[in-house]
Amino acid sequence: MDFDAYAKTAVDLVNAPLEHLDDLRAVFIDERSWMREEAVERDVAVFRRAQKRLRDVFESGAAGRDAEAVAELNILLETYPIQPRISGHDSGDWHMHVTSRGASVSAEYLAGAAWGLAVWLCEYGSARFGVCADERCGNVYLDTSSNNCRRFCSERCATRSHVAAHRARKRAAVDETLTQLAPVG
Ligand SMILES: [Zn+2]
Ligand SMILES: [Zn+2]
């Protein structure tokens, strides 16, 4: 099983807007695209609740609250237990599912997400769970950088933040010049 891919499904879910069923369907990509057909309106609320709890794991890890991240993940593992099963859809290409036959889309997706994150934490540590440093963004990410120094969810946020910081410095410099030019008192 590709645990990294499962951990990535947790990231995808936390970062997704979840207003409508269509938002939820958009989360189901690649091997999970079969879930689009099966997701129903009431799944949205289930996913929204799970989304919040998964976000808590990222926030705890990013803030250095290691034991909390572990405790939260253990609760998620209990809530969304895995039950591995070999499955084949139409094409008969055998692959693993993480819940039993007839399980709901939410049970399947969330068991995989919790399991993937748990394995990820044991492998790399909760300090590698991140929340984007751009406050307007708030997306979460898994820090795979060699020295655990990633601060933004994406290249886009990093660039935007650097541009904003640069402008602020420039503005501060201009303000200072104006202050110096202005007569004092
Ligand atoms: Zn399948
Ligand atoms: Zn971001």
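Two residues are taken to be in contact if their C-beta atoms, placed from the backbone, lie within 7 Å. The structure described here is a predicted model.

By this criterion, and leaving aside neighbours within four places in sequence, Ala-39 is in contact with Leu-21, Leu-24, Arg-25 and Val-105. Ala-39 is found in the loop between helix α3 (35-38) and helix α4. A residue is buried if 20 or more other C-beta atoms lie within 10 Å of its own; Ala-39 has 20 such neighbours and therefore counts as buried. In sequence, Ala-39 and Asp-22 are 17 residues apart, while their C-alpha atoms are separated by 9.5 Å in space.

Helix α4 (residues 41-62) is paired with helix α5 (residues 66-79): their axes come within 8 Å and cross at roughly 160°. Angles over 145 degrees count as roughly antiparallel, so α4 is roughly antiparallel to α5. The crossing of the two helices is left-handed. On the α4 side, the residues that meet α5 are Arg-53, Asp-56, Val-57, Ser-60 and Gly-61; their partners in α5 are Glu-68, Ala-69, Glu-72, Leu-73 and Leu-76.

An unreviewed UniProt entry places the feature "domain: Zinc finger CGNR" at residues 128-170. Over residues 128-170 the chain is 37% helix and 14% strand, with end C-alpha atoms 33 Å apart. Helix α7 comprises 27 residues (residues 155-181). At 1.5 Å a residue, α7 should span 39 Å, and this agrees with the 39 Å between its end C-alpha atoms. The number of buried residues among the 27 of α7 is zero, so this helix lies largely in the open.

Definitions and conventions. Residues numbered from 1 in each chain as written. Chains lettered and ligands numbered in written order. Predicted model: local features only at pLDDT ≥ 70, side-chain atom pairs only at ≥ 80, totals over all residues. UniProt positions renumbered as here; feature names shortened; annotations may be inferred. Helix = DSSP H or I, 4+ residues; strand = E, 2+ residues; numbered from the N terminus. Expected span 1.5 Å × (residues − 1). Buried ≥ 20, exposed ≤ 12 C-beta atoms within 10 Å, placed from the backbone. Axes fitted to C-alpha atoms, helices over the stretch in contact; angles between N-to-C directions. Parallel < 35°, antiparallel > 145°, perpendicular 65-115°, else oblique. Left-handed = near helix turned anticlockwise from the far one by under 90°.
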